[in-house]
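Subject: Structure handover

Hello,

Here is the structure you asked about. My notes follow below it.

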Amino acid sequence: MVANGEAVMLDDGATVSDLLNQLGWGKRTVAVEHNGNALIRSEHPSIVLRDGDTLEIVKAVAGG
């Protein structure tokens with residue numbers, strides 16, 4: 001699977017939450033797009049990633 005343009009190796013059955021934890025983003029507020037569809041945070045543990053999937057992950061930034 002590909003996350004932010006980089007190939008990522010994951011265990012079979014890994015979820016979006018697993019990937020975020022592996023990348024060190026598990027506790028951060030992020031926006032995730034899975035195969036072109038925006039996810040809400042509550043979906044992260046239930047979306048199982050497969051070969052060919054693409055994710056775009058963006059860290060939320062506050063400011064003015």
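Where does Asn4 lie? Asn4 sits in the loop between β1 (2-3) and β2. Please keep in mind that this is a predicted model.

**The two asparagines**

Asn4 has a phi near 50°, which is a positive value in a residue other than glycine. Its relative accessible area is 36%, so Asn4 is partly exposed.

Asn35 also has a phi near 50°, again a positive value in a residue other than glycine. Asn35 belongs to the loop between β3 (30-34) and β4 (37-39). At 38% relative accessibility, Asn35 counts as partly exposed.

**Strand β2**

Two residues here. Glu6 has its place in strand β2. Its relative accessibility is 53%, and the cut-off for exposed is over 50%, so Glu6 counts as exposed. Glu6 and Lys59 are 53 residues apart in sequence. In space, their C-alpha atoms are 16 Å apart.

Ala7 is in strand β2 too. Ala7 is exposed, with a relative accessible area of 72%. Leaving aside neighbours within four places in sequence, Ala7 is in contact with Met1 and Val2. Ala7 and Asp53 are 46 residues apart along the chain. Their C-alpha atoms are separated by 10 Å.

**Thr15 and Ile47**

These two belong together. Thr15 is found in the loop between β2 (6-7) and α1 (16-22). Ile47 is found in the loop between β4 and β5. Thr15 and Ile47 are in contact with each other.

Is Thr15 buried or exposed? Thr15 is buried, at a relative accessible area of 9%. Ile47 has a relative accessible area of 19%, and buried means under 20%, so Ile47 is buried.

Which residues does Thr15 contact, once neighbours within four places in sequence are left aside? The list is His44, Pro45, Ile47, Val48 and Leu49.

With its own neighbours within four places set aside, Ile47 is in contact with Ala14, Thr15, Val16, His34 and Leu39. Now look from Ile47 towards Ala62. They are 15 residues apart in sequence. In space they are 27 Å apart, C-alpha to C-alpha.

**A negative patch**

Which residues gather in a patch of negative charge on the surface? They are Asp11, Asp12, Asp18 and Asp51. One of them, Asp18, lies in helix α1. Asp18 has a relative accessibility of 38%, so Asp18 counts as partly exposed. A residue joins a patch only with over 30% relative accessible area and no salt bridge.

**After β5**

Ala60 is found in the segment after β5 (54-59). Its relative accessible area is 45%, so Ala60 is partly exposed. Which residues does Ala60 contact, apart from neighbours within four places in sequence? Thr29 and Val30. Ala60 and Ala31 are 29 residues apart along the chain. Their C-alpha atoms are separated by 6.8 Å.

**In brief**

- Asp11, Asp12, Asp18 and Asp51: a patch of negative charge on the surface.
- Ala60: in contact with Thr29 and Val30, neighbours within four places left aside.

Best wishes

Methods. Residues are numbered from 1 along each chain as its sequence is written. This is a predicted model: local features need pLDDT of at least 70, side-chain atom pairs count only at pLDDT 80 or more; totals for chains, interfaces and linings use all residues. Side-chain values use heavy atoms; hydrogens and water are left out. Helices (H or I, at least four residues) and strands (E, at least two) are DSSP runs, numbered from the N terminus. Buried means under 20% relative accessible area, exposed over 50%, partly exposed in between (1.4 Å probe, protein chains only). Contact means heavy atoms within 4.5 Å. Patches are made of residues with over 30% relative accessible area and no salt bridge: like charges are joined within 9 Å, nonpolar side chains (Val, Leu, Ile, Met, Phe, Trp, Tyr) within 5 Å. Accessible areas come from the Shrake-Rupley method with a 1.4 Å probe; for residues, only the protein chains shown count as cover. A salt bridge is a side-chain nitrogen of Lys or Arg within 4 Å of a carboxyl oxygen of Asp or Glu. Lys and Arg count as positive and Asp and Glu as negative; His and the chain ends are not counted. The place of a charge is taken as NZ of Lys, CZ of Arg, CG of Asp or CD of Glu.
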